Amino acid sequence: MALPMLRGAVRLATKLLSRQYVVFPKGIQVPMVPAGAAAGGPCGMLEVGLVRLSGLRSEDLVGHSDPYVILRLREGREVRSRTVNNNNSPEFNQNFRMLVEDVDSQ
C-alpha cells in the first residue's frame, strides 16, 4: 500500500536539501585584461581595415607566395588575416577590431 503523502514529503525534503549543496552561478565573470595588467578597463577600440598588398616577391621555390598579415597591438595581442594562396598581390578585404588598454604603451 502506497502512502501518497509520505512520497510527496520525501520528494519535497530531497528537493530542499539538495538546494543547499547544489548552487548554480548567476553569472560568470570573464576578465577583459590579462592577469597582471593594469586595472581600469580598456580605453578604446582600434579598428583596422586590411584591403590589399601589391608587388610582393615570391618566397616559394615554385609558384607565388602564400601571404598573410599579422597585426600586433602588443605582445600577446595579435590577429592574423586569412592566407591567400599563390598570389603576389593578394586582396584581403578584412576588418579587425582590437581593444586598446593603454595608449602610451601600445
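How much accessible surface does the protein have, and what share of it belongs to carbon and sulfur atoms? Then please go through Asn88: where in the fold is Asn88 found, and what does Asn88 touch?

Tutor: This is a predicted model, in which local features need pLDDT of at least 70 and side-chain atom pairs 80 or more, while totals use all residues. Residues are numbered from 1 along each chain, and side-chain values use heavy atoms, without hydrogens or water.

The accessible surface is about 9,000 Å², with 56% from carbon and sulfur atoms (Shrake-Rupley, 1.4 Å probe). Of the 106 residues, 14% are buried (under 20% relative accessible area).

The protein contains one helix and four strands (DSSP runs of at least four and at least two residues, respectively), in the order α-β-β-β-β. Asn88 lies in the loop connecting β3 (77-80) with β4 (91-100). Its relative accessibility is 15%, so Asn88 counts as buried.

Beyond four places in sequence, Asn88 touches Ser54, Gly55, Leu56, Arg57, Ser58, His64 and Ser65 (heavy atoms within 4.5 Å).

Elsewhere, Leu50, Val69, Val84, Phe92 and Phe96 form the largest nonpolar core (buried nonpolar residues joined through side-chain atoms within 4.5 Å). Within that core, Val69 contacts Leu50 and Phe92, and its contacts beyond four places also include Leu53, Val79, Arg80 and Ser81. Across the protein, 56% of contacts with a separation of 6 or more join residues 24 or more positions apart.

Note on methods. Buried means under 20% relative accessible area, exposed over 50%, partly exposed in between (1.4 Å probe, protein chains only).
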